Amino acid sequence: VRDGEGVPHVYASTVHDSMFAMGWVHAGDRFFQMDFNRRQASGRLAELVGSGRGDAAWVSGSRSSGRA
């Protein structure tokens with residue numbers, strides 16, 4: 001179950017079940033990040049975000065300092 005802010009709350013009857021459920025939730029949350037990184041590394045990121053994005057600095061995380 002997720003609350004209004006998307007935070008998962010796991011309820012289980014055993015520790016094993018709760019750990020399995022948390023692993024499942026974590027994997028689901030990380031899927032987008034893993035897919036994004038895989039596409040970026042293989043040069044296929046435009047399939048996900050489109051090719052008309054202009055400057056790709058937001059993808060690499062680089063920021064211009066304004067200094068030459």
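In this predicted model, D35 and R38 meet through their side chains in a salt bridge, with 2.5 Å from N to O (a salt bridge is a side-chain nitrogen of Lys or Arg within 4 Å of a carboxyl oxygen of Asp or Glu). These two residues sit three apart in helix α1, so about one helical turn separates them (helices are DSSP runs of H or I with at least four residues, numbered from the N terminus). D35 is buried at 10% relative accessible area, whereas R38, at 45%, is partly exposed (buried means under 20%, exposed over 50% and partly exposed in between, using a 1.4 Å probe and protein chains only).

A search of the whole structure gives five salt bridges. Among them, E47 pairs with R39, where the closest N and O atoms are 3.1 Å apart. E47 is exposed at 51%, while R39 is buried at 16%. E47 also meets R44, again through side chains, at 3.1 Å from N to O. Shared partners join D35, R38, R39, R44 and E47 into one salt-bridge network.

Turning to the rings, two aromatic pairs are found in the whole structure. F32 and F36 form a tilted one, 6.0 Å centre to centre with 40° between the planes (rings of Phe, Tyr and Trp, the last by its six-membered ring, pair if their centres lie within 6.5 Å; planes under 30 degrees apart are stacked, over 60 edge-to-face, the rest tilted). Both lie in helix α1, residues 15-42, four residues apart. F32 is exposed at 52%, but F36 is buried at 14%.

Residues are numbered from 1 along each chain as its sequence is written, and side-chain values use heavy atoms, leaving out hydrogens and water. As the model is predicted, local features need pLDDT of at least 70 and side-chain atom pairs count only at pLDDT 80 or more, while totals for chains, interfaces and linings use all residues.
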